[in-house]
Amino acid sequence: MLIEHLQRTYAERCRRNPQYSLRAFAKSLDIDSSTLSALIRRKRNLTAKTAQRLISNIGVSDPSHVQALLLGTLGENSENKPVYAQLDIESAEVISSWEHFAILALLQTESFRPNTMQIARRLNIPHGIALEALHRMERLGLVAQQNETWINTGKNLATPSHVSNLALRGALRQYISKALDSLELDPIEVRDISGMTMAIASGKLPEARTLIKDFRRKLCAFLEVGHKDSVYRLNIQLFPLSKEEIQ
């Protein structure tokens, strides 16, 4: 439980400051950076004494929260590992944040068996966010760690039926934002961002949605054949510019 709290705190600080490093995080906790790295990667057991010091230095002051973190730490070190009861929340987090599916796709590229730092560098995301995403997907069984590298397990994400459309809308906003970044930063040779405006028969929209879905799948099948070396995102946007007339 404390390890997850450390991972979340590190990721949150990285989101506020993309230049924030593990070394800076370790300094704020008054712990050696190599020790902290081993702890958050679960390569070293966390003792109760170290846990108390980390909880104090990370700024947790609420007694009930402190107690919960300590009890969680003791539970993590016992033979009976805690059962994660929040997988629905974890699934929603995966769905609502673009980094997760980008990492899964990156792990499918060939001749690339990366560690966490390499994943962060290749996707241009802070190390803390990559670390949090990887361990979240590990708890869901989507990725696995082999020594220092990560692999895609090939397991499909089972989406909870009650995950709200809010998570999906949040993900789409992030993808649109990434497309805007690509429009400004990437040369035209490696992107295609285009569109057209038309007057349509709106009654054909259900059929149009089916055609778009078929096109997505055919293009995906075409691009995935051959030596996979890059991660791409396909956005197709068909939306109304005119409003319905008021009768």
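A: In this predicted model, W98, A102, I103 and L106 of helix α7 meet I119, R122 and L123 of helix α8, a contact being heavy atoms within 4.5 Å. Helix α7 spans residues 98-106 and helix α8 residues 116-123; helices (H or I, at least four residues) and strands (E, at least two) are DSSP runs numbered from the N terminus. Two packed helices are described by the angle and the distance between their axes. The axes of α7 and α8 come within 11 Å and cross at roughly 110°, where axes are lines fitted to C-alpha atoms over the stretch in contact and angles run from 0 to 180 degrees between N-to-C directions. Helices α7 and α8 are therefore roughly perpendicular to each other (65 to 115 degrees; under 35 is roughly parallel, over 145 roughly antiparallel, the rest oblique).

The loop between α7 and α8 holds E110, which is paired with K228 in the segment after α11, 118 residues apart. K228 and E110 form a salt bridge whose closest N and O atoms are 4.0 Å apart; the term requires a side-chain nitrogen of Lys or Arg within 4 Å of a carboxyl oxygen of Asp or Glu. E110 counts as partly exposed because its relative accessibility is 34%, and K228 is partly exposed at 27% (buried is under 20%, exposed over 50%, partly exposed in between, with a 1.4 Å probe and protein chains only).

The segment after α11 (205-223) also contains L238. L238 is partly exposed at 44% relative accessibility. Together with M196, M198, I200 and L205, L238 forms a nonpolar surface patch with about 500 Å² of accessible area. Such patches take residues with over 30% relative accessible area and no salt bridge, joining nonpolar side chains (Val, Leu, Ile, Met, Phe, Trp, Tyr) within 5 Å and like charges within 9 Å; areas come from the Shrake-Rupley method with a 1.4 Å probe, and for residues only the protein chains shown count as cover.

A search of the whole structure finds 4 salt bridges. One of them joins R139 and E4, with the closest N and O atoms 3.8 Å apart. This pair connects helix α9, which holds R139, with helix α1 (residues 2-16), which holds E4, across 135 residues. E4 is buried, with a relative accessibility of 8%.

Another salt bridge joins E132 and R15, with the closest N and O atoms 3.2 Å apart. Here E132 lies in helix α9 and R15 in helix α1, 117 residues apart. E132 is buried at 7%, whereas R15 is partly exposed at 44%. Helix α9 covers residues 127-139. Leaving aside residues up to four places away in sequence, E132 touches Q7, R8, A11 and R15. R15, E132 and R136 are linked in a network of salt bridges.

The chain as a whole has 11 helices and 2 strands, in the order α-α-α-α-α-α-α-α-α-β-β-α-α. Of its 247 residues, 32% count as buried. Contacts between residues 24 or more positions apart make up 62% of those with a separation of 6 or more. The chain exposes about 16,700 Å², of which carbon and sulfur atoms supply 53%.

Residues are numbered from 1 along each chain as its sequence is written, and side-chain values use heavy atoms, with hydrogens and water left out. In this predicted model, local features need pLDDT of at least 70 and side-chain atom pairs count only at pLDDT 80 or more, while totals for chains, interfaces and linings use all residues.
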